[in-house]
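This report looks at the charged side chains of one protein model and at how some of them pair. The sequence and the structure come before the details.

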Amino acid sequence: MPSKAVARLASAAMLALVPCLALAAEDHAVTDPQPVLAYPPTEREDVVETVFGQQVADPYRWLEADVRGDAKVERWVAAQSAFTDAYLKALPERPAFERRLKGLFDYARFGVPREEGGRLFYAWNSGLLNQAQLLVREPGEKKGRVLLDPNGWAKDGATALDAWEPSPDGETVAYTVQDGGSDWRTMKFVRAADGRTLADELKWVKFSAIAWVGSEGVLYSRFAAPKEGEAFQARNYDQTVYFHKLGTPQADDVAVYATPDKPTWGHAAQMTSDARWMVVTSHEGTDPLNAVHVAPVGRGEWKTVALVPELSAQWDLIDGIGDTLWFVTSDGAPLKKIVRVDLSGDKPVITTVVAQSDANLEGALIVGDRLVVQYLRDVKADVKLFALDGTPLGDLALPGVGTVAGMTGKPGRPSGYFAFTGFTTPVTVHAFDAGTARAKVWEPIRLKFRPEDYAVTQVFYPSKDGTRVPMFVVRRKDATGPVPTILYGYGGFNVSLPPAFSSARMAWLESGGAYAVANLRGGGEYGDAWHDAGRRARKQNVFDDCIAAGEWLIANGVAPKGGLAVEGGSNGGLLVGAVINQRPDLFAAAHPAVGVMDMLRFDRFTAGRYWVDDYGHPDREADWKVLRAYSPYHNIRSGVDYPAVLVTTADTDDRVVPGHSFKYAAALQAAATGAKPHLIRIETRAGHGAGKPVDKTIAEAADVYAFLARWTGLKPRP
């Protein structure tokens with residue numbers, strides 16, 4: 001999820017420049033006649049289909065082919081990349097952004113530790129390392145040593161350490177390797193004492209948890225090996241949970257849970273901390289609806305019984321002690337509650353221990369003998385403590401207004417860790433004691449800016465239908481009058497956008513720009529009802545919320561008319577494509593990143609079939625008509641002036657395949673949409689976002705912010 005940072009209060013000398021900055025912002029828009037760019041030619045093919053009585057042209061379908069195996073697509077990508085690179089390198093704003101980005105990224109960052117066997121394991125980046133290292137700290141020591149360093153795994157830095165999980169005795173770490181941004185993972189194992197990598201290697205792992213069974217092996221999820229040439233585009237079916245015993249080949253792994261009669265179901269296995277129960281949670285799409293099966297461990301077989309047989313509600317395991325399990329569930333509670341499940345008898349007995357409240361329950365864990373429960377209240381973190389029977393025990397003290405993430409801890413041990421972040425607070429790890437409800441910084445962060453120089457406000461603005469939508473606005477305290485502003489949104493898949501920090505966004509805000517984060521419907525900020533209000537037939541609400549946010553920012557003097565950019569990634573890229581089709585006059589510039597742009601064919605590639613929960617089914621007439629009405633690729637308005645658009649994607653994105661962005665950019669360039677540039681930036685050996693090396697992140701951010709600054713009138717900090 002994107003993070004936003006806020007801008008800096010300048011010295012008294014800089015304050016004298018504020019009126020000039022405000023004047024420049026109000027009169028910033030690029031209004032001089034611009035020559036129409038001569039884009040590289042894109043071949044149009046005569047592809048027209050009749051679907052539900054309507055003819056639909058798809059002249060750029062050939063761009064769906066995998067660039068790694070199709071010479072024609074490869075030539076198109078090369079031509080577009082050369083054209084875009086030349087344009088971006090010529091932007092006078094770019095060098096200043098790149099310099100400042102390198103400075104802002106150059107600080108030591110710590111991940112949330114996991115404690116097992118007396119050892120602490122945590123991620124660490126000294127600043128400009130392309131990939132974070134995994135460190136281990138021995139008992140009694142104050143510094144860690146490097147256990148895994150992915151920076152030597154690939155010359156281009158694009159092979160990343162993804163997930164990792166230490167065994168309960170702290171002797172071995174299971175970890176997954178991500179190459180070139182792909183969703184496919186390879187699982188490996190390393191000894192904590194000496195850093196020796198074991199021979200075990202597990203292939204074709206995707207969307208998997210890592211669950212240790214004691215310290216002898218792991219449960220993991222994988223798919224069958226894809227056919228030759230189809231690894232990055234073919235749809236994924238029949239995910240299976242396997243048990244791998246250390247020291248044995250993958251071919252000997254035991255399939256412990258699968259649903260061959262339901263090939264669209266996916267499965268993830270977890271173990272309770274005391275290793276008494278395996279819990280398999282199943283899903284079909286992106287909806288938080290699960291089936292749950294459990295199996296006692298250590299009886300020589302993996303015989304599961306159904307706890308929740310159908311996909312009826314959200315069920316997330318918290319942990320277990322003996323024959324008692326605790327879950328977060330939305331069953332009868334759209335803002336979620338916590339239940340206790342007693343498995344000691346012939347039938348499970350389910351009891352509510354923490355009832356639904358007026359805030360959205362985000363997650364929970366057991367630390368010591370306490371339930372530590374994370375809530376999101378008006379998009380801000382609130383952590384409460386309860387006894388295991390649900391008795392309230394007060395609040396965990398947080399360092400301010402922001403977001404809690406990555407909390408770790410386990411039953412029987414009162415201490416744990418969590419990360420805290422906000423718009424002006426880089427991710428900072430805190431140690432906490434569940435018994436005293438106190439927290440303190442574990443490792444301090446040395447900042448490259450002054451948080452007190454920034455202002456963060458939360459507003460609630462009316463959408464088209466009158467719904468009050470929350471939005472954060474961040475900017476320098478010394479900023480007066482409208483300034484060039486980026487509006488960020490997502491609005492889908494039950495995903496919330498709470499306060500978070502980003503070094504990249506900091507470069508924009510330090511230069512005097514503003515950044516706004518709209519918590520659109522379709523997200524998870526207010527539970528199931530908020531999510532449901534922005535999906536399927538109600539998806540237009542998301543676009544209306546975003547457009548209303550832009551109108552509010554201009555009407556209330558945050559952004560100047562002609563100085564507003566809109567940005568979003570993945571489902572947010574779809575959002576950007578849709579809103580600039582519907583209101584091209586509202587935005588000066590747009591950045592749709594790795595977006596879902598062809599809403600009529602999204603379900604035909606890799607993980608796209610999961611998204612029908614939010615988008616609907618393209619093969620069903622009612623859903624198809626909704627999708628056809630807003631699909632970015634199919635609704636570009638020729639004859640209307642569009643904002644400047646920089647599409648970004650990556651050649652190895654196998655989550656939202658790059659064909660979405662390729663087709664959309666080709667259609668945008670071919671249409672009569674005005675003289676502003678409509679470009680596509682295609683990263684090599686990068687995927688949907690995870691695992692991207694720091695140098696590629698900095699280069700991309702410099703390109704994007706230079707482009708948005710050029711067309712909104714922002715002058716970057718020297």
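## A network of charged side chains

In this predicted model, Glu-49, Asp-58, Arg-61, Glu-64, Asp-598, Arg-601 and Lys-663 are linked in a network of salt bridges, a salt bridge being a side-chain nitrogen of Lys or Arg within 4 Å of a carboxyl oxygen of Asp or Glu. The structure holds 47 salt bridges.

Local features need pLDDT of at least 70 and side-chain atom pairs count only at pLDDT 80 or more, while totals for chains, interfaces and linings use all residues. Residues are numbered from 1 along each chain as its sequence is written, and side-chain values use heavy atoms, with hydrogens and water left out.

## Two partners of Glu-64

Arg-601 and Glu-64 form a salt bridge in which the closest N and O atoms are 2.8 Å apart. Because Arg-601 lies in the loop between strand 37 (589-593) and helix 9 (612-615), and Glu-64 in the loop between strand 2 (54-57) and helix 3 (71-89), the pair ties together parts that are 537 residues apart in sequence; helices (H or I, at least four residues) and strands (E, at least two) are DSSP runs, numbered from the N terminus.

Glu-64 also meets Lys-663 in a salt bridge, at 2.8 Å from N to O. Arg-601 and Glu-64 are buried, as is Lys-663, where buried means under 20% relative accessible area, exposed over 50% and partly exposed in between (1.4 Å probe, protein chains only).

## A partly exposed pair

Arg-450 forms a salt bridge with Glu-452, with 3.2 Å between the closest N and O atoms. Arg-450 is partly exposed at a relative accessible area of 45%, and Glu-452 is likewise partly exposed, at 42%.
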